[in-house]
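I opened the file to work through the helices, the cores, the sheet and a few loop residues. My notes follow in the order I looked things up.

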Amino acid sequence: MTLSSNIHQLINEHMTQADDGSFVLAAPLLVQLRAACASTHGNHTGGGGQGVGLAINSAAIAIETRIQQDALAEHYEHAGNEYQGNLIDLLKTWSTLQGEWSTYLEAVTNEWITLIKETLEQRRPPWRPTLNCPACNGRFHGPEREPNLWLDYWDHNNEQMAHPSKWTAGCDGCGANWEGDELNWLRAATNTPNTPVAQVTQVS
Ligand SMILES: [Zn+2]
């Protein structure tokens, strides 16, 4: 990758290789990062999962802030004055640089791209509702007293909530696993937090 191709990925729509080897058009990486900063994923699950969305947003915001600070600092080093424009315009001026600065900024932008991709590809963790497991009846396990149950409701390809028929859940206390219609009890329990799980297992 050259500096100009790095900048192209950051600020323009670009072709990228998908998991299956095909090439797809991707949004500019800085636009994808901004979307991750503004994401409300995980904040609308009816009482749980707030931490999931906040963790992803704060990681994205930290990287966006760092990139802006890095870019301004590098410009100051290179040009000897403070840059008075937006990040996109600054990066456009970099793509025509030659020589040592070009090589140096290529390494800087490589690092940004790695950070952005790691954040965007971070697998969203499951939600851990604190409910009793219907198999072993335990609620917590281990010395840290972590909740037994986990519920993975993400479509990891699209980073959206998956259709409930695709959800999977399990108990880290006894190792039980559930999927699809077997999860009716859990969906009912999480929609009616004041009702004991045993009383809603028949709800579909
Ligand atoms: Zn269990």
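How far does helix H5 (residues 99-121) reach from its first C-alpha to its last? I get 33 Å for its 23 residues, close to the 33 Å expected at 1.5 Å a residue. The expected span is 1.5 Å times one less than the number of residues.

Entry 1, conventions. I am working with a predicted model, in which local features need pLDDT of at least 70, side-chain atom pairs count only at pLDDT 80 or more, and totals for chains, interfaces and linings use all residues. I number residues from 1 along each chain as its sequence is written.

I find seven helices and nine strands in the protein chain. Helices (H or I, at least four residues) and strands (E, at least two) are DSSP runs, numbered from the N terminus. Of the 204 residues, 20% count as buried. For burial I count other C-beta atoms within 10 Å of a residue's own, with C-beta atoms placed from the backbone: 20 or more is buried, 12 or fewer is exposed, and in between is partly exposed. I also looked at contacts between residues at least 6 apart in sequence, and 47% of them join residues at least 24 apart. A contact here is a pair of C-beta atoms, placed from the backbone, within 7 Å.

I list Leu105, Thr109, Trp112 and Ile116 as the buried residues of H5. The axes of H1 and H5 come within 9 Å and cross at roughly 35°. I took axes as lines fitted to C-alpha atoms, for helices over the stretch in contact, with angles from 0 to 180 degrees between N-to-C directions. The crossing is left-handed, a term for a near helix turned anticlockwise from the far one by less than a right angle. On the H1 side I see Leu3, Asn6, Ile7, Gln9 and Leu10, which meet Ser102, Leu105, Glu106, Thr109, Asn110 and Ile113 in H5.

Which residues of the largest nonpolar core touch the most other members? I find Ile7, Leu10, Leu29, Leu33 and Trp94, in a core of 14 residues. A nonpolar core is a set of buried Ala, Val, Leu, Ile, Met, Phe, Trp, Tyr and Cys residues joined through C-beta atoms within 7 Å. Helices H1 (3-11), H2 (29-38), H3 (50-79), H4 (87-94) and H5 each supply at least two residues of this core. H2 gives the most, with four residues. A second, separate core has 13 residues, including Leu151, Trp154, Leu183 and Ala189.

I see three strands in an open sheet with antiparallel pairing, in the order S5-S8-S9. S5 and S9 are at the edges, each with a single partner strand, so one side of each has no neighbour in the sheet. The twist averages 15° from one strand to the next. I count strands as paired if DSSP finds at least two bridges between them. Four bridges join S5 (residues 149-152) to S8, and three join S8 to S9 (residues 177-179). Leucine 151 has alanine 169 as its bridge partner in S8, and tryptophan 150 has glycine 170. Alanine 169 also stands opposite tryptophan 178 in S9.

Most residues other than glycine have a negative phi. I noted a positive phi of about 70° at asparagine 137, in the loop between H5 and S3. Asparagine 137 is partly exposed because 13 other C-beta atoms lie within 10 Å. Arginine 145 has a positive phi near 55° and lies in the loop between S3 and S4 (146-147). Arginine 145 is exposed, with 8 other C-beta atoms within 10 Å.

Arginine 139 is in the loop between H5 and S3 (140-141). Is arginine 139 buried or partly exposed? It counts as partly exposed because it has 16 C-beta neighbours inside 10 Å. Not counting residues up to four places away in sequence, arginine 139 touches Thr130, Leu131, Asn132, Pro147 and Asn148.

Definitions and conventions. Contact = placed C-beta atoms within 7 Å.
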